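The following note sets out several points for a colleague who is examining this model. Please read each point alongside the sequence and the coordinates.

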Amino acid sequence: MNHQNHIIELFAGFSTNNKEKREMKANCTVTLIKGENKIVLVDTMTAWDKDVLLKELKFHHVAPEDVDYLVCTHGHSDHCGNMNLFLKATHFVGSCVSHKHMYYYHDFENNPYKLDNNIEVIFTPGHTSTCVSVIVKNTNLDHGRSVAIVGDLFEREEDIFDESLWIEAGTEDEKKQRINRLKIAEMVDFIIPGHGGRFAVTEEIRQKLREDIKQ
Ligand SMILES: [Zn+2]
C-alpha cells in the first residue's frame, strides 16, 4: 500500500527582531507527521506553551504518549520547551538522540536517521552546529510532494531575498548554513521554516540560493 505521510502544521511560528532594544519576540513552528507506522512531532515551542500544544494535539486525535519521535531541530528554548510531555518518544535535540538515560550515537555526517517509510532526519548545521531537519517524501501535500521541516535553517520564506533575517536571528556557521539551505532547496518541493509558514520551493528560490553560495 502506498501510504501518504500526513503533514499537519500545528502552529506557524513568528519572530520580530528589535535591534535597538537588543531583543527578539519569537516562537517556533510546530509540525506533526502521521507516518505509516510512526507519529513524529517536530519542535515544541516554549515551556509556557504546554496547554496550547496539548490542546492542538488533542484536536488532531494525538495523545502525548502516541508520539514515537520528538525531533527538536536544535537546542534553543523555543524549540524544545515541552519535551517532558512526550515520555514514550525517542528524543532528538539536534543530532543528539536519547530515550530516558540512554544516548544513541548516530553518524549524521554520513547517514540520515530513518524514522519511518519516507521520513528521515538529516544533519543541517549552520544556525547551530548540531541542527537537524526532517525530510518527508510522499506527503499529502499537493498529491505526494516532498517537504523539509528545517527549524531555523530558514527563518521564514522572506529570508531568501532578505538574508539579514536569518543572519541576524543568529548563525554559528554562515557558510555551512548557506550550503545546507541550498541542499534542502534542491531536495524538496516545500519547506516548513522555524519561524513562519510553509512555502513552495520555486526555481527562482533555488537560483538565489545557488548565487548566495558563491559569495
Ligand atoms: Zn528558533
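**Notes on the predicted model**

1. Helix α1 (residues 50-59) lies across β1, β4 (30-34) and β5 (39-42), and runs at about 150° to β1. Contact here means heavy atoms within 4.5 Å. Axes are lines fitted to C-alpha atoms, for helices over the stretch in contact, with angles from 0 to 180 degrees between N-to-C directions. Helices (H or I, at least four residues) and strands (E, at least two) are DSSP runs, numbered from the N terminus.

2. The model is predicted, with local features requiring pLDDT of at least 70 and side-chain atom pairs counted only at pLDDT 80 or more, while totals for chains, interfaces and linings use all residues. Residues are numbered from 1 along each chain as its sequence is written, and side-chain values use heavy atoms, with hydrogens and water left out.

3. An open sheet of seven strands has the order β1-β4-β5-β6-β7-β8-β9, with mixed pairing; two strands pair if DSSP finds at least two bridges between them. At the edges stand β1 (6-11) and β9 (102-104), each with a single partner strand, so one side of each has no neighbour in the sheet. On average, neighbouring strands of this sheet are turned by 20° against each other, direction ignored.

4. Strands β7 and β8 (residues 96-99) run antiparallel and are joined by three bridges. F92 stands opposite V97 in β8.

5. F92 is also among the residues with the most contacts inside the largest nonpolar core, together with I33, L115, V121 and V134; this core has 22 residues. A nonpolar core is a set of buried Ala, Val, Leu, Ile, Met, Phe, Trp, Tyr and Cys residues joined through side-chain atoms within 4.5 Å. Neighbours within four places in sequence aside, the contacts of I33 include I7, V40, I119 and V134.

6. The zinc ion is coordinated by H79 (NE2), D152 (OD) and H195 (NE2), at 2.0 to 2.1 Å. Donors are N, O and S atoms within 2.8 Å of the metal (3.2 Å for Na, K and Ca); water is not among the atoms, so the site may look incomplete. H79 lies in the loop between β6 (69-72) and β7 (90-93), and H195 in the loop between β14 (190-192) and β15 (199-200), so the pair ties together parts 116 residues apart in sequence.

7. Are these two histidines buried or exposed? H79 is buried, with a relative accessible area of 0%, and H195 is buried at 3%. Buried means under 20% relative accessible area, exposed over 50%, and partly exposed in between (1.4 Å probe, protein chains only).
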